[in-house]
Amino acid sequence: MPEVTTTAEETTAGKLPRLLAGLRRGRPTTLDEHHEQLGSMPSTGSTGERSELLTEIERSGLRGRGGAGFPTAVKLRAVASGPRPRILVGNGSEGEPASRKDTLLMARAPHLVLDGATFAAELIGADEATVCVKESSKEAAASLLTAVQERADAGIEEVAVAVRVVSSDYVAGEESALVHQLNGGSAKPTFIPPRPFEAGVGQRPTLLQNVETLAHLALISRFGAAWFREVGTPDDPGSVLITVSGGVTRSGVYEIAAGTRLGDLIKAAGGPTDPLQALLIGGYAGTWFDVEAALDVSLDHQTMRALGGTLGPGVVIALPQGACGVAETAAVAEYMAQASSGQCGPCVHGLAAIADALHDIASGRAAPGTHEWLARWSDDVVGRGACHHPDGAARLVSSCLDVFGAEIDRHERRRPCVPPAGMRGLLPTPGAREPAAVS
Amino acid sequence: MSVRLRVNPIACEAHGMCAELLPEWIELDDWGYPIVAGEPVPPELVEHARRAADACPTLALLLERSPAERDAAA
């Protein structure tokens, strides 16, 4: 479990943390502690109350925290207008290897997540709610189950929440893959339409929300849209959880105002352990930025989109100068190729070819012009899978070609790289085979 | 009414019939899977597009009304 910290920016002094407030206990917050800290949830009993709360969420401008940054109110309304019965699914499958924030929230603030789940379910008129936790996050599942029992024992009347353990695979958390799995199928994406809001779990209109999004909803329902907008940008209001790792003094989950300068976040994480050369923003479907450009980047969806990147599920990895961005990306490309659900030809063949080519470059074995093949394949696979998995992998590799161009040149002149111990494998690739030995 | 071609990439098995029947609009990638232009199919190609979709052995090539029109009709 990463350590819990927040930024100490002057503009947000006293306003943050929100989601992570009260997480310093080192154990799950109990129901009593939770209510003492935040009070109870507002009533959603009448149609008028529900309609007012929906409008309040719309005013808050909350965007989903699972990666795509889609406006939450739009999703809520889409499902709420579908036929009954409807269902809510809280997505805590957190397949991103370097992300810890969802697991942290569920493990330490289970009632905040459950408040959000029951609240969202009631708003959309769902009579069932399920929160999904990946197999490898045992602590989070246990904490949620205990919290569900606490609420039942306390006699809280609300939509019943089921906790489901789901696959830890990278692609398993993709919306259609999660629905497929909950319907008894494999954790593989399906061809859309239908989208989950049309026909999801049990063919019912299904609202899927990341668990951090649910936690924000729990707070907006209590404190309102104006309060939510006290931090963040007009387009991307509120706070956001970011998992910071790599070459920083204090890796962990940070709650920042959306729009915070990346340099300020790195400072809050104790600064770099070594001089940095680049930063990866957005996780394994994200993009590399040269350190000079990266530190001034504002961490919000609008800015990241404008830069051709993504905030993704809030992942930042700092790459020290001693490490090799090409070798690191090659390992991730291979991980992404293996993570493909294996259903779509362009993803299966394209990602494998991309990973092999990048490995060849990193190990100094590449034929001349390999990086041109790489660039073409990275363009070719975009938009050609049933899900966005190939698009994400391609985006990362394309940014690697841009940011580490000089490094790639050097490697293509048959110079393998041998980063010192402690400067290899900075990007976690769980379950992947060891990188090929460099001769 | 404008129509577009879309591939169901899960169903597609790279037979390549579509690219042979509609080379103006479909090319194959290095592994034989079709890359289909996403723009509306020009009127003079619609009949050929329909034939290509019908010829796909796995029914993976779909001739669809444009999303905007589909939503308006819904």
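User: How many bridges join E2(A) to strand E5 of chain A?
Analyst: Five bridges join E2(A) to E5(A), residues 206-210, and the two run parallel. One pair there is Asn91(A) with Asn210(A) in E5(A). Strands here are DSSP runs of at least two residues, helices are H or I runs of at least four, and both are numbered from the N terminus. Two strands pair if DSSP finds at least two bridges between them. Before going on: this is a predicted model, where local features need pLDDT of at least 70, side-chain atom pairs count only at pLDDT 80 or more, and totals for chains, interfaces and linings use all residues. Residues are numbered from 1 along each chain as its sequence is written, while chains are lettered from A and ligands numbered from 1 in the order in which they are written.

User: OK, and which sense does E2(A) take with E3(A)?
Analyst: Parallel, over seven bridges, with E3(A) covering residues 126-134. Leu88(A) has Ala129(A) as its bridge partner in E3(A).

User: What order do the strands of that open sheet come in?
Analyst: The order is E4-E3-E2-E5 in chain A, four strands with parallel pairing. E4 (161-166) and E5 of chain A are the edge strands, each pairing on one side only. From one strand to the next, the twist averages 25 degrees.

User: Why two ways?
Analyst: Because side chains in a regular strand alternate between the two faces of the sheet.

User: Which helix lies across E2, E3, E4 and E5 of chain A?
Analyst: That's H5(A), residues 110-123, running at about 145 degrees to E3(A). H8(A), residues 211-228, lies across E2, E3 and E5 of chain A, at about 90 degrees to E5(A). Axes are lines fitted to C-alpha atoms (for helices, over the stretch in contact), and angles run from 0 to 180 degrees between N-to-C directions.

User: New topic. Which residues touch the most other members in the largest nonpolar core?
Analyst: Val113(A), Ala120(A), Leu265(A), Leu279(A) and Leu358(A), out of 132 residues. Helix H12(A), residues 325-339, gives the largest share of this core, 10 residues. A second, separate core has 17 residues, including Val7(B) and Cys18(B). A nonpolar core is a set of buried Ala, Val, Leu, Ile, Met, Phe, Trp, Tyr and Cys residues joined through C-beta atoms within 7 Å.

User: And what about chain B's secondary structure?
Analyst: Chain B has three helices and four strands, in the pattern β-α-β-β-α-β-α along the sequence. Buried residues make up 26% of its 74 residues.

User: Last one: how many residues of chain A are in contact with chain B?
Analyst: 10 residues of chain A are in contact with nine of chain B; contact means C-beta atoms, placed from the backbone, within 7 Å. Helix H13(A), residues 345-362, supplies the largest share of chain A's side, three residues.

Technical notes
Contact = placed C-beta atoms within 7 Å. Buried ≥ 20, exposed ≤ 12 C-beta atoms within 10 Å, placed from the backbone.
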